[in-house]
Amino acid sequence: MTENNIKSVCVYCGSRLGNKPYYQELANSLGKMIADADMSLVYGAGSVGLMGVVARAARDSGGEVIGIIPEHLDDVEITQEGLTELHITDNMHERKKMMFDRSDAFIVLPGGLGTLDETMEMMTWAQLSLHKKPIILINYKDFWSPLVELIEHVVSDGFASDEHGKLLTVVETAEEAMELLKS
Ligand code: AMP
């Protein structure tokens with residue numbers, strides 16, 4: 001993809017903050033950088049956890065923020081106020097499909113089981129040639145190293161091709177992730 005093709009980036013991340021302050025700092029910087037790069041942020045519309053941090057940072061830096069939430073999670077993830085667009089879907093499947101459709105690339109921050117599910121889904125859809133959108137994992141302070149090692153293990157033991165093992169681009173900082181999207 002060329003620079004101009006990346007107009008919107010989906011961020012997958014935790015609905016919790018994690019227990020180290022630097023996760024919030026990372027989410028905050030990434031949100032600002034997405035807005036400063038004139039890219040739209042697509043995310044799960046919640047105000048809680050790192051999701052809320054990245055969204056408020058992008059919104060407060062003048063960026064466009066597109067939130068997509070299923071009706072049943074409105075109370076749990078507490079929809080963020082002040083979004084440029086808010087879409088309420090009937091269920092999780094529609095939410096994930098709309099997040100995919102609205103995004104040109106995906107960035108993964110630290111997160112929990114939902115983040116893992118979303119990341120694996122984008123990888124498996126790419127493996128099935130359903131898309132060629134970049135999927136960038138920010139392995140900040142080694143948070144995702146166990147996942148990177150697991151994927152390498154799956155490849156080395158013959159359950160995925162080398163090519164499919166490279167579907168996830170691993171970087172260490174938000175700056176590197178943004179550089180990749182811009183180049
Ligand atoms: P988590 O990483 O568990 O904090 O979840 C991050 C986001 O992933 C939340 O907005 C969840 O609603 C969402 N999510 C997506 N797919 C799933 C799933 N299969 N199970 C749980 N959460 C999910």
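Modeller: The largest pocket holds about 440 Å³ of space, a volume being the space filled by probe spheres set on grid points that are joined across faces, edges and corners. A pocket here is an open set of points on a 1 Å grid over the protein atoms alone, where a 1.4 Å probe fits, with protein on both sides within 12 Å along at least five of seven lines, and lining residues have an atom within 4 Å of a point. The lining has 28 residues, and C13, G14, S15, G114 and T115 lie nearest the centre. Two or more lining residues come from each of β1 (8-12), α2 (49-60), α4 (92-101) and α5 (113-127), with α5 giving the most, five residues; helices (H or I, at least four residues) and strands (E, at least two) are DSSP runs numbered from the N terminus. This is a predicted model, and totals for linings use all residues. Residues are numbered from 1 along each chain as its sequence is written.

Definitions and conventions:
This is a predicted model: local features need pLDDT of at least 70, side-chain atom pairs count only at pLDDT 80 or more; totals for chains, interfaces and linings use all residues. Side-chain values use heavy atoms; hydrogens and water are left out.
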